[in-house]
Amino acid sequence: MEIHKKYMRQAIALSVDKMQAGCGGPFGAVIVKNGAVIGKGWNQVTSSCDPTAHAEISAIRDACQTIKDFSLKGATLYTSCEPCPMCLSAIYWARIDRMFYGNTKDDAARINFDDAFLYEELVKAPANRTLPMDQILHEESIEAFNLWAKKEDKTPY
């Protein structure tokens, strides 16, 4: 467990250092594979004007570039806070094997990083969500999927 604490402390240090440097909110993450840190990330939402630049997303991007692969199978993520729904989805898409987190989503909510509405929206049918959503041009859109299904030289994921 000491090795996990070591990497979690790195994630926490990133959260503090980059927040104090004005990069964004107090969130940091590191990704480890085969005993080496392959990715680091911190919240850069406000400094990069990118609402997707959360610590976990940034760490995933960094790790994938480091190993030149979109799959982080075999990797462990250490993040200073329980991930939001976007980040949690990205963690699953990246195929990360394990995750350790420090703060909870309730801790984040107490400092005005509240993702509760996103969790509530995700379980609703599209027609019942706060964001108006209308499906159009399905017959035209599905053609790209049909082409993908037939493509013999695709890289599956």
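This report describes helix α1 and the sheet it packs against in a predicted model.

## Basis

The model is predicted: local features need pLDDT of at least 70, side-chain atom pairs count only at pLDDT 80 or more, and totals for chains, interfaces and linings use all residues. Residues are numbered from 1 along each chain as its sequence is written, and side-chain values use heavy atoms, with hydrogens and water left out.

## Helix α1

Helix α1 covers residues 2-20; helices (H or I, at least four residues) and strands (E, at least two) are DSSP runs, numbered from the N terminus. Its 19 residues should span 27 Å at 1.5 Å a residue, and the end C-alpha atoms are 27 Å apart, which agrees. The expected span is 1.5 Å times one less than the number of residues. After α1 comes G22, with a positive phi near 85 degrees.

H4, Y7, M8, A11, L14 and S15 are the buried residues of α1 (buried: under 20% relative accessible area; exposed: over 50%; partly exposed in between; 1.4 Å probe, protein chains only). Seen down the axis of α1, they fall within an arc of 110 degrees, so they line one face of the helix; the arc is that of the directions from the helix axis to the C-beta atoms. E2, R9 and Q20, on the other side of α1, are exposed.

## The sheet

The buried residues of α1 pack against β1 (28-33), β2 (36-42), β3 (75-81) and β4 (98-103), with contact meaning heavy atoms within 4.5 Å. An open sheet of 4 strands has the order β2-β1-β3-β4 and mixed pairing; two strands pair if DSSP finds at least two bridges between them. The edge strands β2 and β4 each pair on one side only.

Strands β3 and β4 run parallel and are joined by 5 bridges. The bridge partner of Y78 is F100 in β4.
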